[in-house]
Amino acid sequence: MPISLSDIMPEEALESLREYLKNLIKSIDLFRKSLKLLNEVRVGEARSLLAEVVKTRSEANKSRLRLIEVIENSRLEPSVKEDILHFIKRLDAISDNVKEAARELTIMPYLEVPSPIRDGLNRLADMVLQAASHVAEATERLITGEHKRALELVNKVLEIEEEADRVDVDNRGKLIVYADVIKPSTLAILIHDFNRDLENAVDSCAEAADYLHILITTWLQIEMIV
């Protein structure tokens, strides 16, 4: 039988990790849906979902703190413990960037953003959800010992990150193209920051995937020895 994360991590840690990932994905999905509602001029519904993003993020944070406490007090190999804690930090970075994007969306007159730019921002939001979902699934595969599938998902995250870099550059280029249309000028700053937070969220997904790759490689090496 392949060695899995469930073989060495305390059950409480696994439960907290799964709960954390569940709430992380939920918060990103709520954010993405709120963005789509704004595009449909359903502003009230969008604001309600944005409030849920913050609430869900708080629930995820509780699971994260429990997880860190259990991992730090566990008898895991120090190097493995360190990799897992770094992985958790990258997951938290995803959450932080989405939270910041959600806050900016509450003050940004989003419907005044030129449509081509909004299209690019929507693409990035979709990529955040796709990348984070792949990270969550890859983590579950690592827990159950399905290392080959976990590696496939890790590679998909890295592919999404490369595409997100291209969309990010394109979005910033459009700020120049539509400079005369974007009024007031401070709106361009909000758009830039919003775009940056979405791109950073995808980058954090890729960094989390890198740590998953390290953990997967570690298990594969152990299996070869065993």
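The legends below describe close-up views of a predicted model.

**View 1. The largest cavity and the residues that line it.** In this predicted model, the count comes to 1 cavity of 30 Å³ or more, and the largest cavity holds about 50 Å³ of space. Its lining is made up of Leu5, Met9, Leu17, Ile84, Phe87, Thr139, Leu142, Leu212 and Leu215. Helix 3, helix 4 and helix 6 (185-225) are the elements that give two or more residues to this lining. Sorted by class, the lining of the largest cavity comprises 8 nonpolar residues and 1 polar residue, with no charged residues.

View 2. Leu215, one of the residues that line the largest cavity, has its place in helix 6. The relative accessible area of Leu215 is 2%, so this residue counts as buried. Although Leu215 and Asp83 are 132 residues apart in sequence, the distance from C-alpha to C-alpha is 7.2 Å.

**View 3. The salt bridge between Glu140 and Arg18.** A search of the whole structure finds 23 salt bridges, and one of the pairs shown in these views is formed by Glu140 and Arg18, whose closest N and O atoms are 2.7 Å apart. This pair links distant parts of the chain, with Glu140 in helix 4 and Arg18 in helix 1, 122 residues apart. Glu140 counts as partly exposed because its relative accessibility is 30%, and Arg18 is likewise partly exposed, with a relative accessible area of 34%. Side chains of opposite charge can pair when their charged atoms come close.

View 4. Asp126 forms a salt bridge with Arg32, and the closest N and O atoms of the two residues are 2.7 Å apart. With a relative accessible area of 22%, Arg32 is partly exposed. Both residues belong to a network of salt bridges in which Asp29, Arg32, Lys33, Lys36 and Asp126 are linked.

**View 5. The salt bridge between Arg149 and Glu152 in helix 5.** The closest N and O atoms of Arg149 and Glu152, which form a salt bridge, are 3.1 Å apart. Because the two residues are 3 residues apart in helix 5, Arg149 and Glu152 are separated by about one helical turn. Arg149 counts as partly exposed at 26% relative accessibility, and Glu152 is also partly exposed, with a relative accessible area of 35%.

**View 6. A nonpolar surface patch formed by Val41, Val43 and Leu111.** On the surface, Val41, Val43 and Leu111 form a nonpolar patch, and together these residues have about 220 Å² of accessible area. Val41 lies in the loop between helix 1 (11-39) and helix 2 (43-72), whereas Leu111 lies in the loop between helix 3 (78-107) and helix 4 (115-144). Val41 has a relative accessible area of 56% and is therefore exposed, while Leu111, at 36% relative accessibility, counts as partly exposed. The backbone of Val41 also deserves a note, for this residue has a positive phi of about 60° although it is not a glycine.

**View 7. The cis peptide bond between Lys183 and Pro184.** The peptide bond from Lys183 to Pro184 is cis, and its omega is near -5°. Pro184 is found in the loop between helix 5 (147-177) and helix 6.

**View 8. Leu175 in helix 5 and its spatial relation to Ile117.** Leu175 lies in helix 5, and because its relative accessibility is 13%, Leu175 counts as buried. The C-alpha atoms of Leu175 and Ile117 are separated by 7.7 Å, although these residues are 58 residues apart along the chain.

Notes
Residues numbered from 1 in each chain as written. Predicted model: local features only at pLDDT ≥ 70, side-chain atom pairs only at ≥ 80, totals over all residues. Heavy atoms only, no water. Patch = residues over 30% accessible without salt bridge, like charges linked within 9 Å, V, L, I, M, F, W, Y side chains within 5 Å. Areas by Shrake-Rupley, 256 points an atom, 1.4 Å probe, with all protein chains shown as cover. Salt bridge = Lys/Arg side-chain N within 4 Å of Asp/Glu carboxyl O. Helix = DSSP H or I, 4+ residues; strand = E, 2+ residues; numbered from the N terminus. Buried < 20%, exposed > 50% of the residue type's maximum accessible area, 1.4 Å probe, protein only. 1 Å grid on protein atoms, 1.4 Å probe; cavity = no way out; pocket = protein on both sides within 12 Å on 5 of 7 lines; lining within 4 Å. Points joined across faces, edges and corners; volume = space filled by probe spheres on them. Nonpolar A, V, L, I, M, F, W, Y, C, P; charged D, E, K, R; others polar.
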